[in-house]
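Open the model in your viewer and keep the sequence panel beside it. The tour makes a few stops, each with something to select.

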Amino acid sequence: MNVAIDSRPAASFVNASIGFSPAHSNWQFVLWGKNLANELTPTGSAAYNPLGYAISDPRTYGVRINYTY
């Protein structure tokens, strides 16, 4: 039996985060980002998509605040 193998070029995604936690505090503040280079590549097949494949998520970023009790 022959099986077709879908080949794609390699893709690298840059994700990063940096945090700050004040001394003697239960709080932590974190800046984060995913896919910082905004690399949009096919990631797999998707029957619901007219193109027939899914695209990677675009650049996203945000702030996270953690409290530990």
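**Stop one: the aromatic rings**

Select Phe 29: its relative accessibility is 36%, so it counts as partly exposed (buried is under 20% relative accessible area, exposed over 50%, partly exposed in between, with a 1.4 Å probe and protein chains only). This is a predicted model: local features need pLDDT of at least 70, side-chain atom pairs need 80 or more, and totals for chains, interfaces and linings use all residues. Numbering runs from 1 along each chain as its sequence is written, and side-chain values use heavy atoms, without hydrogens and water.

Rings of Phe, Tyr and Trp (its six-membered ring) pair if their centres lie within 6.5 Å; planes under 30 degrees apart are stacked, over 60 edge-to-face, the rest tilted. The count is 3 aromatic pairs. Trp 27 is partly exposed, at 40%.

Next, select Tyr 67. Its pair with Trp 27 is tilted, at 4.7 Å centre to centre and 55 degrees between the planes. The pair links distant parts of the chain, 40 residues apart: Trp 27 is in strand 2 (residues 27-34) and Tyr 67 in strand 5. Strands are DSSP runs of E, at least two residues, numbered from the N terminus. Tyr 67 is partly exposed, at 43% relative accessible area.

**Stop two: a loop serine**

Move to Ser 56, in the loop between strand 4 (53-55) and strand 5 (60-67). Ser 56 is buried, at 9%.

Key. Helix = DSSP H or I, 4+ residues; strand = E, 2+ residues; numbered from the N terminus.
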